[in-house]
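User: I am new to this structure. Please walk me through it in short questions and answers.

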Amino acid sequence: MSQEPLLPYGSPSILSGIAENFAFHSSPESFITARSLAFQKAHPHQADSRIPIRAKVLNRDVAVISSYDQVRQILCDEEIASFLSSSQAYDELMAPFFPPPNLLLHDPPDHQERKNVWVERMATLNESIRPLVRDIVLDHFRNIPSGSTVDLYKSMKHLSWRILLSIFIQKDDDEKGGEHADIEALHEDLLRGQFSLFPVSINTRLWRSPRSKGLHARQELQSILGDKVAHGRCPFAVGEPEEGKDIANHLLLFTSSLAAKGLASLLSAVLLNLYFFKEGGSSLSTKIQTLEDSKQRSNYIQSMILEVERLSPPVVGIMRRTTQDIILRGNQESAPPTLIPKSWDLWLYFVGAGRDPTAFGETADRFTPSRYYNSGFSRQDGFAFGAGAKICLGKDVIRMIVSAVVETCLGQIQGVNSESSSEDMVIRLQADVGDLPAGVQGWLGWKPKVNPEEWARDIKQLPTQRPRKPIMVVVQHQLAS
């Protein structure tokens, strides 16, 4: 007998919406877990904690989705997707800072035609990325004296900026190096304005609101990037003038602070696992280097990266807005379907979905680097780049960057005939990871069932995930043999 669809759990009032807005921005993990536990207490017969949660965020009705199956329904079911809008969901948060035309704010059916153009453009980058990343990584670590102690995330953020700006913005011949720093500073102002909890643009002689500064930074960046495109200082060929505007708008996204911090988040988690996670008493870096051939090593690195994406996605989720009522089937056979009314926002929580035991079994919240390697990459992966028709355009580029960083650190980057005269180095990181906070270990998947209070205390989740306190590591490097 079929069950009647139910609204998401919870009934926030207008007054409680203010408190919920701050609670969600403080720690989405704590916010969602607390409400899931409250549901289980009120409905003990429902064992599944990944029921849709109703909230009031930014004064809108929101359904927070953390079930793997329901996230996949929303992103991959064409009928459901036809009743969802990205542009409406991101209108207030993104459109003023990343104006259209851009793929993020495009909805089907026009989205796919424009995306096909960008897929072809991005494919032209593939051959050049690996040698470029290799040289930047070697230079980055060469400038850190061997034996020095660094903040890992801060170091990876600096590296991420260098990589992204070097890929997407070519320096002028007479440039001294300051323009990249200016672009980075402007993007930081833009991000602070975008995520300001004071969403009003005020500009006086004595004070400017973060939003006003962010909008001014966007104008400055559009001018700089437009000039780069007009003078052929970007990797994409330009035909008609309208193409130039389209490319400049996407460069604003590709070089954004959000992109750099997302890459830094992913690289930090990958390197922590590479050097400090023990399997059979050995680090993964040691295990990879003992594999017989380059194909095995490359596949194991890819498996590790996919597992990090599943457990520790840099961006915790994305939004959609319903354009008419939709019904999602339950996460389990015993769970009733969920009714999401028209004009509600869907917040897809990738951290929860990637750890759903109905999709990943008893080890869902544990880091298992060989998970995809042993299955021949046939297992479903996480949602670090979304899924379906609007899967992130930069997925392949970012994965190539991350794998190139790992292979460079191990002194065995494959498939590159670099013209650089720089010698390969082997990079090693050392730290006392036994002192890592419980929330950080939970974020990495080293410690299962970390409570939400520890997660909120130790991990900052917005705009991207990272440890709240610096993780200090000792950098060692030597010439590769």
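User: At roughly what angle do the axes of helix α10 and helix α11 cross?

Analyst: This is a predicted model, where local features need pLDDT of at least 70, side-chain atom pairs count only at pLDDT 80 or more, and totals for chains, interfaces and linings use all residues. Residues are numbered from 1 along each chain as its sequence is written, and side-chain values use heavy atoms, with hydrogens and water left out. Helices (H or I, at least four residues) and strands (E, at least two) are DSSP runs numbered from the N terminus, and axes are lines fitted to C-alpha atoms, for helices over the stretch in contact, with angles from 0 to 180 degrees between N-to-C directions. The axes of α10 (residues 210–230) and α11 (residues 241–254) come within 9 Å, and they cross at roughly 125°.

User: Are α10 and α11 parallel or oblique to each other?

Analyst: Under 35 degrees counts as roughly parallel, over 145 as roughly antiparallel, 65 to 115 as roughly perpendicular and the rest as oblique. The crossing angle here is roughly 125°. α10 and α11 are therefore oblique.

User: Which residues of α11 make the contact with α10?

Analyst: Contact means heavy atoms within 4.5 Å. From α10 come Arg-218, Leu-221, Gln-222, Leu-225, Gly-226 and Val-229. From α11 come Gly-244, Ile-247, Ala-248, Asn-249, Leu-251 and Leu-252.

User: How many nonpolar residues has the contact of α10 with α11?

Analyst: Ala, Val, Leu, Ile, Met, Phe, Trp, Tyr, Cys and Pro count as nonpolar, Asp, Glu, Lys and Arg as charged, and the others, Gly among them, as polar. The contact has one charged and four polar residues. Its nonpolar residues number seven.

User: How far is Leu-186 from Leu-221 in space, C-alpha to C-alpha?

Analyst: Leu-186 is found in helix α9 (residues 178–194). Leaving aside neighbours within four places in sequence, its contacts are Ala-217, Glu-220, Leu-221 and Ile-224. Leu-186 and Leu-221 are 35 residues apart in sequence, and in space the distance is 7.0 Å.

User: Is Leu-186 buried or exposed?

Analyst: Buried means under 20% relative accessible area, exposed over 50%, partly exposed in between (1.4 Å probe, protein chains only). Leu-186 has 15% relative accessibility, so it counts as buried.
That makes the answer for Leu-186: buried.

User: How far apart are the axes of α12 and α14?

Analyst: Helix α12 covers residues 257–276 and helix α14 covers residues 294–311. They pack at an angle of about 125°. Their axes are 10 Å apart.

User: Which residues of α14 make the contact with α12?

Analyst: α12 brings Leu-266, Ala-269, Val-270, Asn-273 and Leu-274. α14 brings Met-304, Ile-305, Val-308 and Glu-309.

User: How many of the 20 residues of α12 are buried?

Analyst: α12 is mostly covered. Its buried residues number 18 of 20.

User: Where is Thr-464, and is it buried or exposed?

Analyst: Thr-464 lies in the loop between β12 (459–460) and β13 (466–467). Its relative accessible area is 2%, so Thr-464 is buried.

User: How far apart are Lys-390 and Leu-104 in space, C-alpha to C-alpha?

Analyst: Lys-390 is found in the loop between α17 (371–374) and α18 (395–409). Lys-390 and Leu-104 are 286 residues apart in sequence. In space, C-alpha to C-alpha, the distance is 8.1 Å.

User: What percentage of the 481 residues of the chain count as buried?

Analyst: The chain has 20 helices and 14 strands. Of its 481 residues, the buried share is 53%.
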